[in-house]
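Subject: Handover of a structure and summary of findings

Dear colleague,

Please find below the structure that I am handing over to you.

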Amino acid sequence: MSLEPIGFITLLLGVLCMVNGARFAIVVLCLLTLLGAAAALQLPALGGSSIQPSHLLVLFLVAAVLLRPVQTQAALASLAYPGPGFWFAAYILFSVVSSFFLPRIFAGATLVYSSARDPSGMMSTVAAPLAPGSSNLSQSVYLLGDLACFAIVAGLARLGYTRFIAQQLIIASIVCFAFALADWGTFLTGQSQLLDIIRNANYTMHTAEAIHGFKRIVGPFPEASMYGAVALAYFCFTLMLWLERVHSRMAGLATLFIGPTIVLCTSTTAYVAGVFAVCMFMLFCLKRLIRGPTAASHVTFLVITLFLIPCAIVALSLVPDAWDSVAGLVNTTVSDKLQSQSGEERTAWNTLALIAFVDTATFGAGLGTVRASSFIAALLSNVGLTGTLLFAAFLYSLVRASGRRITGDRQRHAIGNAAVMASIAQIGSAAISGSGTDLGLLFSTTAGLAAGCLAGPYIVRHPVTRTLANRRPPEASASLARTPMFATR
């Protein structure tokens with residue numbers, strides 16, 4: 001194991017999180033989830049796996065919450081039945097158990113593309129018989145970290161940190177835009193090495209690619225599709241807040257910044273998932289126009305999507321050179337994608353993944369065993385029908401919660417709906433190009449925020465022993481003081 005320079009910074013920030021508490025920890029977590037191409041730790045013994053700074057920080061985040069009993073109780077309560085947290089925990093715990101048993105039970109039963117990496121960080125390009133690998137352990141650790149992040153964020157949201165967490169996600173979206181500018185600027189000036197400090201993970205980096213004259217924006221991630229998926233999640237979150245007039249100025253500015261980078265990142269994933277997301281927002285705004293309450297922002301969004309964007313496309317068609325460049329980009333990234341080498345390779349991954357699902361009698365090959373190119377194919381092939389149904393129950397529970405108003409706080413409910421939209425956008429992106437079942441810490445953050453907002457405030461039912469870590473006034477106590485003390489089910 002080797003500790004990278006950015007790992008030292010992460011360790012220092014982790015210690016500060018334990019000392020300063022939840023507010024500081026949320027700020028750091030939201031920013032570190034952007035560093036998708038960075039490695040805090042390198043683990044050659046586990047096939048060259050890289051531990052990202054955000055995953056390392058989760059350990060300190062858990063420790064910080066454990067030192068504060070009220071926050072610990074709220075985090076555990078967020079996993080109670082029948083809320084979304086219960087189904088998310090059931091899905092993850094089942095996945096972890098499957099990673100140990102299923103690869104051994106079905107060893108050699110079928111051919112798969114393995115998720116394990118060799119010491120150089122490359123994944124195998126040749127199908128091999130199903131067998132246990134280092135990725136079974138690493139993926140289990142990642143998913144447990146996702147569960148811890150979900151529970152903590154949900155617990156903090158129920159303790160009164162809702163608006164603060166939403167604000168940090170808005171700030172993170174603006175920082176994401178800043179990284180896109182830095183990526184574009186360093187590419188044009190030939191100084192891409194300036195970003196090597198945040199691109200030190202043991203992944204294949206696609207940071208200097210261009211399509212039809214458009215630089216593929218990757219920002220702080222290894223490839224354009226990852227940047228596009230993250231940027232789309234932030235776009236959905238900030239757009240919903242702007243529509244619902246929550247942090248409207250800041251959210252509107254973030255939406256205005258992050259939106260164009262999704263168009264310019266040249267990612268098939270972002271384009272297809274983006275169309276799906278825009279359709280969701282159009283249906284949402286139309287529903288508000290029919291049933292109310294309606295704001296000027298809802299009408300503005302419909303005017304932009306139904307009138308201004310089509311007019312801009314028609315105007316662009318009148319400029320032949322610009323139209324040819326855009327048409328070539330669309331053909332390459334969307335129309336001709338399946339005929340490309342990458343498309344054929346990803347189709348082969350999904351084909352073998354679905355064959356593995358059938359060959360293992362729908363039980364799956366175990367978490368981290370099979371590599372696919374779609375989150376749905378990865379779910380079926382890795383955790384089988386049972387794991388897929390558990391995740392579907394979690395998603396249904398999350399979406400169903402957004403449809404009912406549990407609390408009278410309009411802003412809290414709006415933030416919950418924005419987090420649900422961001423979570424669905426990430427699932428949509430992963431369904432197009434996700435290689436595994438780990439949706440990442442950003443998904444856990446948005447899903448946890450949604451679950452916490454839509455579950456109502458947490459009420460302390462038992463006295464909490466005052467520990468040394470709580471001798472200074474804890475943030476949770478301040479949140480509880482502002483929470484109405486009423487009985488909840």
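Is Asp183 buried or exposed? Asp183 is buried, because its relative accessible area is 1%; here, buried means under 20% relative accessible area, exposed means over 50%, and partly exposed lies in between, with a 1.4 Å probe and protein chains only.

Before the details, two notes on the source. This is a predicted model, in which local features need pLDDT of at least 70 and side-chain atom pairs count only at pLDDT 80 or more, while totals for chains, interfaces and linings use all residues. Residues are numbered from 1 along each chain as its sequence is written, and side-chain values use heavy atoms, with hydrogens and water left out.

Salt bridges

The count comes to four salt bridges, a salt bridge being a side-chain nitrogen of Lys or Arg within 4 Å of a carboxyl oxygen of Asp or Glu. In general, side chains of opposite charge can pair when their charged atoms come close.

Asp183 forms a salt bridge with Arg199, and their closest N and O atoms are 2.9 Å apart. Asp183 lies in helix α6 and Arg199 in the loop between α6 and β6, so this pair ties together parts that are 16 residues apart in sequence. Helices (H or I, at least four residues) and strands (E, at least two) are DSSP runs, numbered from the N terminus. Arg199 is also buried, with a relative accessible area of 9%.

Arg288 forms a salt bridge with Glu244, again described by its closest N and O atoms, which are 2.9 Å apart. This pair links distant parts of the chain, with Arg288 in helix α9 and Glu244 in the loop between α7 and α8, 44 residues apart. Arg288 is buried at 15% relative accessibility, and Glu244 is buried at 7%. Salt bridges that share partners join Asp183, Arg199 and Lys215 into one network.

Arg216 forms a salt bridge with Glu209, with the closest N and O atoms 3.6 Å apart. Arg216 is buried, with a relative accessible area of 17%, whereas Glu209 is partly exposed at 31%.

Helix α6 comprises residues 134-188 and spans only 39 Å between its end C-alpha atoms, whereas a straight helix of 55 residues would span 81 Å at 1.5 Å a residue. The expected span is 1.5 Å times one less than the number of residues in the helix. There is a kink of about 115° in α6, centred on Tyr161; the bend at a residue is the angle between axes fitted to the seven residues ending there and the seven starting there.

Just after α6, Gly190 takes a positive phi of about 70°. Leu195 is placed in the loop between α6 and β6 (210-211), and Leu195 is buried at 11% relative accessibility. The C-alpha atoms of Leu195 and Gly219 are separated by 9.2 Å, although these residues are 24 residues apart along the chain.

Backbone features in the loops

Most residues other than glycine have a negative phi, and most peptide bonds are trans. The peptide bond from Tyr81 to Pro82 is cis, with omega near 5°, and Pro82 is found in the loop between α4 (69-77) and α5 (84-105). Arg245, which is not a glycine, has a positive phi of about 60° and lies in the loop between α7 (224-243) and α8 (248-264). Thr266 is not a glycine either and has a positive phi of about 55°. Thr266 lies in the loop between α8 and α9 and is buried, with a relative accessible area of 1%.

Cysteines

The count of disulfides comes to zero, where a disulfide is a pair of cysteine sulfur atoms within 2.5 Å. Cys236 is buried at 0% relative accessible area, and Cys285 is buried at 0% as well.

Nonpolar surface patch

A nonpolar patch on the surface has about 1100 Å² of accessible area together, and its members include Leu283, Ile290, Val303, Phe307 and Trp323. The elements that give two or more residues to the patch are α9 (268-291) and α10 (296-317). α10 gives the most, with seven residues. Val303 lies in helix α10 and is partly exposed, with a relative accessible area of 39%. Patches are made of residues with over 30% relative accessible area and no salt bridge, where like charges are joined within 9 Å and nonpolar side chains (Val, Leu, Ile, Met, Phe, Trp, Tyr) within 5 Å. Accessible areas come from the Shrake-Rupley method with a 1.4 Å probe, and for residues only the protein chains shown count as cover.

With kind regards
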